[in-house]
Amino acid sequence: MFAAESYISRHYIAIVAMACLCVLLGGPSYAAGAESLIIAGATYYEPGVSGPGWAWTDADHLELNGYAGEAIGAEGDLVLTLAGQNSVTESHAPDADITLCGMEVWGSLTLRGTGALTATGSQCGIHVSQALVVDGCTVDARADGADITDEAVAGVIASDMAVRGGGRVVAAGAGSGAGVRAYGVYLQDAGLGAGAAGCRLSVEASWLDAAGTDGGVACPGGSLVSARFVTPTGGAFGAGGVVDAAGVVAPHVVIEPDVATPPAGETDRGEVTGDSAGKSPTDANPAAGEPTTGPTVNPALKPAAATTKITTTVTKTTVAKVPKPKAATAATAALPKTGDSNWVVASVALFLLGTALLAAAYRC
């Protein structure tokens with residue numbers, strides 16, 4: 001009798017342990033990603049949808065291949081893979097959730113791939129509440145300041161920005177409205193409370209051309225790795241942005257790799273506009289209007305505004321994003337996550353615990 005009860009008890013323990021392991025190891029990974037996606041004038045709450053030139057494959061991954069249409073917005077972290085030429089333009093519909101930018105992400109955004117993206121809007125081309133990473137692709141972001149007053153406008157507005165992997169970025173901001181401050185790249189803390197640690201520009205062996213009447217790049221600090229300032233001469237990161245040798249904020253900032261040719265595999269990347277075939281690596285860079293070894297053939301990449309009379313340092317102010325009144329999370333900017341490593345660790349630990357329980361059950 002005792003032996004039979006012991007046998008049944010062992011099997012109950014085994015069944016319970018295996019059930020727990022199946023639930024834990026077979027459950028969802030809960031990868032970080034966007035809670036919703038706004039694209040082509042529609043809002044989606046689940047991935048697995050697609051349309052002309054786009055596919056939302058999973059929560060944190062969107063693919064664009066030849067997309068040309070209305071603004072794109074995401075609630076949460078997003079990785080955007082680019083193929084071919086793509087463009088996003090601010091929506092002018094009165095009931096649109098995105099009304100002032102070509103792309104708006106409330107989280108972190110990584111742009112990658114072999115393609116290109118052109119983003120245009122009145123207040124910003126691209127707005128990212130946390131970290132923006134441009135990894136190897138080509139981006140042209142512009143804001144024209146139309147109907148904007150008492151705000152900062154910029155090609156790129158983000159909390160933190162990194163350009164790497166031979167990426168090419170052109171960012172320009174302009175505007176003539178009362179109280180408008182125009183920048184190429186404008187980095188702000190967005191209420192995250194991270195200070196300078198969350199408002200930095202990093203460029204690694206890549207290209208950046210940023211222009212704005214009030215500053216090409218506005219940020220409290222940054223770093224260049226295998227890259228150098230071409231404009232302004234003697235450029236450096238100042239307290240409020242990139243300054244020239246005299247400490248004056250530069251309205252046009254050009255950063256290029258500090259080698260004569262692009263990194264391996266980057267020589268076949270074209271510009272956002274025009275055909276780069278037959279051009280030398282120096283001519284193909286986005287710093288149009290700067291001295292090169294050959295003729296410059298891309299006038300679209302010149303500064304968006306005249307580069308005159310900048311005599312004061314940029315004052316850091318927070319851009320008020322009216323279209324999406326979302327409270328920012330109280331955490332420092334981070335790169336988009338593609339999975340939850342803590343869940344993996346917990347699953348492994350529970351698997352080992354279940355194995356131990358099974359072993360103990362059969363020893364009884």
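**Strands, cores and ring pairs in a predicted model**

Leaving out residues up to four places away in sequence, Asn86 touches Leu64, Asn65, Gly66, Tyr67, Ala116, Leu117 and Thr118, where contact means heavy atoms within 4.5 Å. This is a predicted model, in which local features need pLDDT of at least 70 and side-chain atom pairs count only at pLDDT 80 or more, while totals for chains, interfaces and linings use all residues. Residues are numbered from 1 along each chain as its sequence is written, and side-chain values use heavy atoms, with hydrogens and water left out.

Asn86 sits in strand β9 (residues 85-89); strands (E, at least two residues) are DSSP runs, numbered from the N terminus. Its relative accessibility is 3%, so Asn86 counts as buried (buried is under 20% relative accessible area, exposed is over 50%, and partly exposed is in between, with a 1.4 Å probe and protein chains only).

Two strands pair if DSSP finds at least two bridges between them. Ala172 stands opposite Ala211 in β21.

What about the nonpolar residues? A nonpolar core is a set of buried Ala, Val, Leu, Ile, Met, Phe, Trp, Tyr and Cys residues joined through side-chain atoms within 4.5 Å. The largest such core has 47 residues, and Leu64, Leu109, Leu111, Ile126, Met161 and Leu208 touch the most other members. Strand β8 (residues 78-83) gives the most to this core, with 3 residues. A second, separate core of 14 residues includes Leu100, Cys124, Ile157 and Ala218. In soluble globular proteins, nonpolar side chains tend to be buried together.

Over in strand β23 (residues 221-225) is Ser223, which is partly exposed because its relative accessible area is 29%. Apart from residues up to four places away in sequence, Ser223 touches Arg200, Leu201, Ser202, Val203 and Phe237. From C-alpha to C-alpha, Ser223 and Leu201 are 6.4 Å apart, though 22 residues separate them in sequence.

As for aromatic rings, the whole structure holds 3 pairs. Rings of Phe, Tyr and Trp (its six-membered ring) pair if their centres lie within 6.5 Å; planes under 30 degrees apart count as stacked, over 60 as edge-to-face and the rest as tilted. Tyr44 and Trp54 form a tilted pair, because their ring centres are 5.4 Å apart and their planes are at 50 degrees. Tyr44 is in strand β2 (residues 42-44) and Trp54 in strand β4 (residues 54-58), 10 residues apart. Tyr44 is partly exposed at 25% relative accessibility, whereas Trp54 is buried at 6%.

Conventions:
Helix = DSSP H or I, 4+ residues; strand = E, 2+ residues; numbered from the N terminus.
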